[in-house]
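Please look through the structure shown here with its aromatic side chains in mind.

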Amino acid sequence: MNGIREAFERARLDAGEIDRALAATEAFLTANAGHPVATAYRGSLHGMKAGAAFLPWVKLRHVEIASALLDEAHARRREAAAAAPHEAAYPADLEILLLRGIAYASFPPFLGRGAAARASLEEAVAHPAFTGIPARYRALAFAHLSLLCGRDSEDAAARRFRERAMEADGFTTRQICEA
């Protein structure tokens, strides 16, 4: 799984790495069919492909694939946490919540994934292990929550989440909120 996480991080920073990260994830899933965390990474990577695609029908195809994979992983998140608590620096259920929430928050509002994004991210930030994850991921969660609250005209909550994001990692927060 660490190879998938590293490939995902490269893809998050460079869209040219998405296909390589997808290939690594698919190879892992070939050997570990149905692995919920790897399934969530695959879904999130398809979300990235949707964002990088130019043609609308290609974007929608990747959105559909991403949604199916992320929802499947989300449905199995508690099972994932119980089955493999030793695989990551933080629990599998938290990792799945973050991947689903951040991916869905990146989708355009007309796709109707904002409520699912917000629910996943709110559950993630309330998770007991959330404070132990790397600062850039805390910032990603808070920054996306800030944007989602802003879309819902909840300005006070949006400001509060943006402040928490800036406290965690200002650089990452600016990348998300000023994009």
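Rings of Phe, Tyr and Trp (its six-membered ring) count as a pair if their centres lie within 6.5 Å; planes under 30 degrees apart are called stacked, over 60 edge-to-face, and the rest tilted. This is a predicted model, in which local features need pLDDT of at least 70 and side-chain atom pairs count only at pLDDT 80 or more, while totals for chains, interfaces and linings use all residues. Residues are numbered from 1 along each chain as its sequence is written, and side-chain values use heavy atoms, with hydrogens and water left out.

A search of the whole structure gives 4 aromatic pairs. One of them joins F8 and Y41, edge-to-face, with 5.0 Å from centre to centre and 75° between the planes. F8 belongs to helix α1 (residues 2–13) and Y41 to helix α3 (residues 36–52), so this pair ties together parts that are 33 residues apart in sequence. Helices here are DSSP runs (H or I, at least four residues), as are strands (E, at least two), numbered from the N terminus. F8 is buried at 7% relative accessibility, and Y41 is buried at 4%. Buried means under 20% relative accessible area, exposed over 50%, and partly exposed in between (1.4 Å probe, protein chains only).

The rings of F130 and F142 also make an edge-to-face pair, because their centres are 5.4 Å apart and their planes stand at 80°. F130 sits in the loop between α7 (114–126) and α8 (135–151), and F142 in helix α8, 12 residues apart. F130 and F142 are both buried. Together with F161 they form one aromatic cluster. R160 lies over the face of F161, 5.5 Å from the ring centre; the criterion is NZ of Lys or CZ of Arg within 6 Å of the ring centre and within 35 degrees of the ring normal.

What of the surface? W57, in helix α4 (residues 56–75), is exposed, with a relative accessible area of 60%.

Helix α3, which holds Y41, is mostly covered, with 13 of its 17 residues buried. How far apart should its ends be? At 1.5 Å a residue, the 17 residues of α3 should span 24 Å, and its end C-alpha atoms are 24 Å apart, which agrees. The expected span is 1.5 Å times one less than the number of residues. M48 is also in helix α3 and counts as buried at 17% relative accessibility.
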